[in-house]
Each structure stands twice: as structure tokens, then as C-alpha cells.
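Please have the sequence and the 3D view open while you read this note. The points below can be checked one at a time against the coordinates.

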2 protein chains.
Amino acid sequence: MGTPVTAPWKQLLLQALESQSHLKHSIYFQLATVGTNGRPSNRTVVFRGFQDNTDKIQINSDTRSRKIEELKSCPFSEICWYFTESWDQFRINGRVDVIDGSNSDPEKLQIREKSWFGCSMKARLQYLDPEQGCPSVNEQPKEFSLDPCAGPVDAFCVLILDPDQVDYLNLKSNQKLKFMSRLSDNGEKYWASLKTSPEC
Amino acid sequence: MGTPVTAPWKQLLLQALESQSHLKHSIYFQLATVGTNGRPSNRTVVFRGFQDNTDKIQINSDTRSRKIEELKSCPFSEICWYFTESWDQFRINGRVDVIDGSNSDPEKLQIREKSWFGCSMKARLQYLDPEQGCPSVNEQPKEFSLDPCAGPVDAFCVLILDPDQVDYLNLKSNQKLKFMSRLSDNGEKYWASLKTSPEC
């Protein structure tokens, strides 16, 4: 049972991504969390790929952003990913692991480092801005310098969403599929699917 | 003080809508709610306009959809509305009022009726499908008939989101604005704004 099981929805998602790779916004999706006041919170983030050969979704973030605080009190999220040309919608619900510099797992720290070096220098510099996450009154763009070889700064973290339910809907064909993860007797994750209405 | 106060973010939103009216998906946004299990929930819905001259946002929905159940246990939502050409993002947080056929307020029932007749016949027919909201095994499209003059069916409801906080971000210019509603001494709503980082 050592063979990695490909999630059935992952193929659909990869097809949507490939067919719309000419659209810059095709890698943007909306990530919902529950705020510390119990209200929903929702923002656009950028897809940074699947973690290795898994179905886990990677996002880069700033430890000072509100979503990190929110994920600490409620570690669940739902992605809503709508593809504007193919009219595919994926609602991906799961638990989010926040990997910051204080993580004690060397493998996770390696993921964070790899993701850091995968960022452009411009993107890396954003994590140095001391005013990120705070009200700004300074109109002038600030200049920072950063060694291209330097590892991730404190504010840089990686979110790994481990999906346990995916609702797929195509608004052209009205095709609807629901995928649910299950654990087998030996503790391995597998996916079950059924045809359904979108809101089930 | 009887003059309606235009929300300062509404003008920005109307500009984004107008400049991207050639894109069908410009009126689609993601609506996050809190699920009955306490986890976030997120889906794409269609903007149906502002209610009269107010800043309240209207969405049509089906009473059998999961979000209605969710809004009954937690009546708050955050819209994330990303405009793919102008790179404007609006995060609109507020309380949601669900108007279904059992509502006792004649004015609200009138809003529901007006919205029903604003729907195409094809859209109206969706609310007659007995399998909406339930797993479907039937592959055949079903045929229903509906009198064009008949009022809203039971499953049709209108959501009115009354915003109390709006975070605006333009990803091209990195302009960030935060708008918060306040109540004046005489109980009227007004908006305060400040320049800020996006996640504040």
C-alpha cells in the first residue's frame, strides 16, 4: 500500500489549471477562515503548488497577517477556486498547517526554505517591510536590501492545506461531484466520490 | 440628516464593475460563511445589485442550500470580490438577512418578489428542481413548467448583506484602504476610512 493515491479531484484541478495557464489570475483563489470574533474571513491568495506528490495545497503567507492568528484559533479553511474561462469551481475544505521559522520539524523547515527560494526577490522583500500588517501613514515606498542567498526571514511562513472534502461544480455542464476523504483500516487516506447537487 | 450617505467604498466598487462590465465573471464573488460544524465555508455567488440607494448587497439563493442553514446559526459573512483586470479586491464583512417566503415584513417580501421577476425563466426553473440540495442519481435533465406571471416559489430567497467593514486593496498600485461603519449619536450609519496594510 506504499503507492501514493492520486486524489480524483486533483486531475480535474490540474486540467483546469493547464487549460487556463494563459490567465494570470487562474492561480488565485479565495481562502476562507473563521475570525477570532467567530465571523467568517475571506481573501485572495496565490496557489504555490501541491506539496511533492500529495494533494496538499501550498500557500505563502506573512506571520503578521490576520489569517495566521485566525488559523491558530481555528485551523480549518475552505478554498473557493473559480476558473473564469472553463467555469469550473472547486471548494476545497481541510485543515491548515502553518509552518513558520519556529517549527521543530526539520522536514517542514525545509519546505519553508524551498518555498522562500522559489519566491522572486521582489516577493521576498515584502516580508521585510516593518509596516506590513499595521496601519501605514508613509506614502513613500521603502527600500530594503536582501542577500539573494539569505534564508527565509522571520515573517515568512508557509500554509499547507490538507483537503478532506472537495466539491466540484462546472457551471457550463452543471456537472457536480463531491469527493470525501476517508481513512482505511491501515490509516491511509483515500477518496470516495459521488454525483451530487453543489450545495450538498 | 435624512440624506442617504453614500459609502465611500461603494464608488470604488461601482468603478471596478463598470470598467469590467465586458467580463461576465466580474459580477461573481466568493461568499464565506461559518458552517454548522464551526468550519469555514466558501462559494461563488452572483451580485444582484445594491438594495435601492443603500450600500446593502443583494444575492439570490435557494432555501435548501447549505449556506442558508449556516447563516441561521451564524448570520455573518465576508465577501471576497476580486476583479481580474483592474486587480481590485474588496473584502466586505457584514450581517446577512435571509428573506424567504415566511418573512413577516411586507417590504422585505416585496424585495423578494421584485428579485424573482428580475430572474430569467431559466434561472427561476432551477428553484423548482426537487433534487436541488440532494444527491442526484438521475442523469436526465428534468422538465418543469412555470407560469411567467407566477410569484416566487418556496425555495427562492434573497440574501441582503449589510456591510460593516470593507477592506480595499489594489494589487497593481498596492493602494490599501479600510472602511469601517459607525453609528452616529442619532443612530445613523456612517463610514470612516483609513489607509492601511491589507490584513489589518
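A residue is called buried when its relative accessible area is under 20%, exposed when it is over 50%, and partly exposed in between. The structure discussed here is a predicted model.

1. Start with a glycine in a loop. G49(B) belongs to the loop between β2 (40-46) and β3 of chain B. Is G49(B) buried or exposed? Its relative accessibility is 17%, and because the limit for buried is under 20%, G49(B) counts as buried. Leaving out residues up to four places away in sequence, G49(B) touches K56(B), I57(B) and Q58(B). From G49(B) to I59(B) there are 10 residues in sequence and 7.8 Å in space, C-alpha to C-alpha.

2. Chain A as a whole comes next. Chain A contains 4 helices and 8 strands. Read from the N terminus, the order of its elements is α-β-β-β-α-β-β-α-α-β-β-β. Chain A has 200 residues, of which 52% count as buried. Among the contacts in chain A with a separation of 6 or more, 61% join residues 24 or more positions apart.

3. V166(A) is an example of a buried strand residue. V166(A) sits in strand β6 (residues 156-170) of chain A, and its relative accessible area is 0%, so V166(A) is buried. Which residues does V166(A) touch, not counting residues up to four places away in sequence? They are W9(A), F90(A), R91(A), I92(A), L177(A), K178(A), F179(A) and W191(A). V166(A) and G94(A) are 72 residues apart in sequence, while their C-alpha atoms are 8.9 Å apart in space.

4. Two loop residues of chain A deserve a check of their backbone angles. D52(A) has a phi near 45 degrees, which is a positive value in a residue other than glycine. D52(A) is in the loop between β2 (40-46) and β3 (57-62) of chain A and is exposed, with a relative accessible area of 57%. W87(A) also has a positive phi, near 65 degrees, and is a residue other than glycine. W87(A) lies in the loop between β4 (76-82) and β5 (88-99) of chain A. With a relative accessible area of 23%, W87(A) is partly exposed.

5. The 12 residues of α1 (residues 8-19) of chain B should span 16 Å at 1.5 Å a residue, and the end C-alpha atoms are 18 Å apart, which agrees. The buried residues in α1(B) are W9(B), K10(B), L13(B), A16(B) and L17(B). Why do these residues line one face of the helix? Seen down the axis of α1(B), the buried residues fall within an arc of 125 degrees, so they line one face. An α-helix has 3.6 residues a turn, so residues three or four places apart point the same way. The buried residues of α1(B) pack against β4 (76-82), β5 (88-99), β6 (156-170), β7 (176-183) and β8 (189-195) of chain B.

6. Helix α3 of chain B can be read in the same manner. Its 12 residues (residues 106-117) should span 16 Å at 1.5 Å a residue, and its end C-alpha atoms are 17 Å apart, which agrees. I111(B), R112(B), S115(B) and W116(B) are the buried residues of α3(B). Around the axis they cover an arc of only 135 degrees, which puts them on the same side of α3(B). The face turned away from this buried side carries the exposed residues P106(B), E107(B), Q110(B) and K114(B). The cover over the buried residues of α3(B) includes β3 (57-62), β5, α4 (121-126) and β6 of chain B.

Conventions
Residues numbered from 1 in each chain as written. Chains lettered and ligands numbered in written order. Predicted model: local features only at pLDDT ≥ 70, side-chain atom pairs only at ≥ 80, totals over all residues. Heavy atoms only, no water. Expected span 1.5 Å × (residues − 1). Buried < 20%, exposed > 50% of the residue type's maximum accessible area, 1.4 Å probe, protein only. Arc of directions from axis to C-beta. Contact = heavy atoms within 4.5 Å.
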